[in-house]
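Open the model in your viewer and keep the selection tool handy.

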Amino acid sequence: TLYESFGDVGNTTFDFVIVGAGAAGSVLANRLSANPNISVLLLEAGPSNAGVIQSIVPMFPSQLGTNTPWDWNYTTTTQPGFNGRSINYPRGHMLGGSTSVNYMVYTRGSSEEWNRYAQLSGDAGWNWINIQKYILRNEKWTAPADHHNTAGQFNPSVHSTTGINSVSLAGYPHPFDPLIIATTKENPGQFPFNSDMNSGYHLGVGWLQSTIDTTGQRSSAATSYLGPTFISRPNLHVVVNSHATRIIQTGVDQGKPAFRSVELTQSQSGPRIVVNATKEVILSAGSIGTAQILLLSGIGDQRDLSALGIKTIINNPSVGRNLSDHPQTSPVWYVNSTGTFDALNRDPAVVAADLAQWQNQTGPLVDSPLAHLVWSRLPPHSFTIADPAAGPNTAHYEHLFSNGWARLAPLPAAGNFMSIGTVVTVPTSRGAVTLKTANPFDQPNINPNFFATDFDLSAMKQAITAARAFVKAKAWNGYIIREFEDLAAATTDATLTTFIKNNAGTAFHPVGTASMSPQNAIYGVVDPDLRVKGASGLRIADASVLPIVPSAHTQVPVYVVGERASDLVKQLYSI
Ligand SMILES: Cc1cc2nc3c(=O)[nH]c(=O)nc-3n(C[C@H](O)[C@H](O)[C@H](O)COP(=O)(O)OP(=O)(O)OC[C@H]3O[C@@H](n4cnc5c(N)ncnc54)[C@H](O)[C@@H]3O)c2cc1C
């Protein structure tokens, strides 16, 4: 049942209390409440997703960001690697969390990535073979909105049609689709075609798969795992506009502090309410939210906490540290086409016409602003550090094609564009989330520490050079007019560095602030079963537990975390 007001729930004790209704929290709420004898409270700080058209229409994620009620409106600390800029750092603030605001790219990562998670956590349960069942439970492969012939655009044998979260190929063609495919034929050495990058082998150029359903609507954790048949369960209580301010020690179990209470409020100045879990509290507030709640609750680096007057209950310096995220830049080209989505961003009449088509499940709005993806490796001798990729078949960088101007900076008044989002997917820089104050409503300090290492900047330069090589293929003659001015000015190593530092931002994939580590490791925040080290009754399931950012967009990995966490909890309590 969905509640706007906590007072309507009529109870303060549940089997499980889950904080955060994002990619992982929604999965746990669904899977644990499948047993009608188990009561679950799911707290979400943001509003409901119901009727939010900007979230439902796949083409509109750029309307869900900073200065909207659906974003946390975070900014980073000043980033030396970005010429001292501080950037907006979007995180979803609504039911479904960031899956309600994201760009819907569906990528599982390489098999090597998961095998590395198994190695880093000391638990084979996280390896590629063993997580397959969670991928299959999550994914519901569906026909794209235009029902075009998809033969050769994906490999049906690696997909599931029986899961819960819709995934499809693009439902509207882009003018450059044939040019991208022609490039893979012209230059298969550098840009080989990959018929399905979600098979465990992701290198190459492939058709984009997105969490969009067959009617051309976003499929999020809210529309799938918290869809009408699930959210109406009487034993599942979902309360929106509920900000968890801290977790509270409730006793000591076998020498460990137990945390089975959560304090929340429905407005900054409103009363604080305490809710209790008879079994567990599960934090799923994301890489920023979970770290902040732990620190506010006295779980963190004692030196930092005492400086803010917070009593330390578990002294663990790993909390909030080890933040890793993907840096991204957007090289842009002028193109000889009126079939880009730039007109949509200039002319309200085009928006109205496209929306009318979308109501009939057709037209350009049934897709996200992204198209094909390319996953590539740097040449073997182009870097001197140990290979930061999970293995020889894991990409160092990614290209994302967009059929228009895809920068956050304002669209120029004239011109048609193509963007190639360029992402370093194995960054070696590490940052941190720390508290600014002890007030739960003050933003924490968020420092992704972008381009803190030479490798990360060098990889970005090489990735942009590769994007330029891609559009040099003959297939693009007559389509590409020229590079956008700032890219065209980046002709030397120094000017390319300036271009990158002035333009780079986040690819929105922070992880690692409550990392899992082997059972007895003295670093890390959770054990491989995702229980908080040194605590009782407290688990974490969200992006924060991933020890390294995967060479992938992160929603699928986090859905897997949610599914596996659900299994581990159900097994432990025989439910
Ligand atoms: C703009 C954007 C674009 C992205 N694009 C893609 C993409 O195309 N493909 C992809 O795979 N991934 C993408 N991602 C990343 C992906 O969505 C996230 O990795 C994933 O959703 C993380 O899941 P999570 O459960 O850790 O956190 P979230 O999904 O962010 O959920 C956390 C939830 O906890 C709530 N919360 C936080 N603090 C509190 C509190 N104190 N009290 C109560 N509730 C709280 C939040 O409001 C939120 O609902 C994108 C993310 C963003 C922001």
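Start by selecting helix α10, residues 454-470, together with helix α12, residues 493-503. This is a predicted model, and in it the two helices pack at an angle of about 105°. Angles of 65 to 115 degrees count as roughly perpendicular, so α10 and α12 are roughly perpendicular to each other. Their axes are 10 Å apart.

Now show the side chains where these helices meet. On α10, pick Leu 457, Met 460, Lys 461 and Ile 464; on α12, pick Leu 496, Thr 497 and Ile 500. This contact is made up of five nonpolar residues, one polar and one charged.

Next, zoom out and colour by domain. The domain assignment gives domain 1 as 1-144 + 219-321 + 432-446 + 510-575, and domain 2 as 171-207 + 327-426 + 452-503. Their C-alpha centres lie 31 Å apart. Where the domains touch, 21 residues of domain 1 are in contact with 25 residues of domain 2. Select helix α3, residues 111-121: with four residues, this helix gives the most to the domain 1 side. That side of domain 1 divides into 10 nonpolar, seven polar and four charged residues.

For the last stop, select Asp 442, in the loop between β22 (431-434) and β23 (445-447). Is Asp 442 buried or exposed? Asp 442 is exposed, because 11 other C-beta atoms lie within 10 Å, and 12 or fewer counts as exposed. Leaving aside neighbours within four places in sequence, Asp 442 is in contact with Lys 436 and Thr 437.

Methods:
Residues numbered from 1 in each chain as written. Predicted model: local features only at pLDDT ≥ 70, side-chain atom pairs only at ≥ 80, totals over all residues. Axes fitted to C-alpha atoms, helices over the stretch in contact; angles between N-to-C directions. Parallel < 35°, antiparallel > 145°, perpendicular 65-115°, else oblique. Contact = placed C-beta atoms within 7 Å. Nonpolar A, V, L, I, M, F, W, Y, C, P; charged D, E, K, R; others polar. Domains from an automatic or database assignment. Buried ≥ 20, exposed ≤ 12 C-beta atoms within 10 Å, placed from the backbone.
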